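Please consider the model shown below together with its sequence. The paragraphs that follow treat its overall fold, its core, selected residues and its pocket.

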Amino acid sequence: MYEKIKPWLTRKHPAPEKEIPQSEEERDRIDQFVNCILCASCYGACPVLARNPDYMGPHAFAKLERFMLDSRDERSLHSLEEINNEGAYGAATPF
């Protein structure tokens, strides 16, 4: 399921010939997500998975947020809505 979020930079335009610069403020916006080591601690502790096996888990959404906030990414701002159709908001469902 993790691959459904497309955990990589998405570009609509051809790859640039050189690096895409990023300001310190732009980098600060994604730092907490970039620093995630995908240890799956949050996934293992997530109570939603017991009642909704289709829930992707917090690690997947942290990665999606990382790329949606990245100034170099050109994916649609509707990426989260597209994934929501597959049970993304299991955590918001009452017990």
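A residue is called buried when its relative accessible area is under 20%, exposed when it is over 50%, and partly exposed in between, with a 1.4 Å probe and protein chains only. Ser76, with a relative accessible area of 27%, is therefore partly exposed. This is a predicted model, in which local features need pLDDT of at least 70 and side-chain atom pairs count only at pLDDT 80 or more, while totals for chains, interfaces and linings use all residues. Residues are numbered from 1 along each chain as its sequence is written, and side-chain values use heavy atoms, with hydrogens and water left out.

The protein has five helices and zero strands, so that the order from the N terminus on reads α-α-α-α-α. Here helices (H or I, at least four residues) and strands (E, at least two) are DSSP runs, numbered from the N terminus. Of the 95 residues in the protein, 27% are buried. Contact means heavy atoms within 4.5 Å. Among contacts with a separation of 6 or more, 70% join residues 24 or more positions apart.

The interior may be described first. A nonpolar core is a set of buried Ala, Val, Leu, Ile, Met, Phe, Trp, Tyr and Cys residues joined through side-chain atoms within 4.5 Å. The largest such core has ten residues: Ile5, Cys46, Val48, Leu49, Tyr55, Met56, Ala60, Phe61, Leu64 and Ile83. Helix 3 (48-51) and helix 4 are the elements that give two or more residues to this core, and helix 4 gives the most, with three residues.

Helix 4 (residues 58-69) also carries Arg66. Beyond its neighbours within four places in sequence, Arg66 is in contact with Ile30, Phe33, Val34 and Arg72.

The loop between helix 4 and helix 5 contains Glu74. Glu74 counts as buried because its relative accessibility is 18%. Which residues does Glu74 touch, not counting those up to four places away in sequence? They are Thr10, Arg11, Lys12 and His13. The side chain of Glu74 makes a polar contact of 3.4 Å with the side chain of Arg11, and another of 3.1 Å with the side chain of His13. At 2.6 Å, the Glu74 side chain also reaches the backbone nitrogen of Lys12. Glu74 and Arg11 are 63 residues apart in sequence, yet their C-alpha atoms are 5.0 Å apart in space. Ser76 is placed in the loop between helix 4 and helix 5 as well.

Lys6 has a positive phi of about 55° although it is not a glycine. Lys6 belongs to the segment before helix 1 (24-34) and is partly exposed, with a relative accessible area of 46%. Leu38, also not a glycine, has a positive phi of about 55°. Leu38 lies in the loop between helix 1 and helix 2 (41-45), and its relative accessible area of 40% makes it partly exposed.

Rolling a probe the size of a water molecule over the atoms shows where empty space is left. On a 1 Å grid over the protein atoms alone, a pocket is an open set of points where a 1.4 Å probe fits, with protein on both sides within 12 Å along at least five of seven lines; lining residues have an atom within 4 Å of a point. The largest pocket has a volume of about 160 Å³, a volume being the space filled by probe spheres set on the points. Eleven residues line this pocket, and Lys4, Ile5, Lys6, Ser79 and Glu82 lie nearest its centre. Helix 5 (residues 79-84) gives the most to the lining, with three residues.

Note on methods. Polar contact = N/O pair within 3.5 Å; in protein donor to acceptor, adjacent residues only side chain to side chain.
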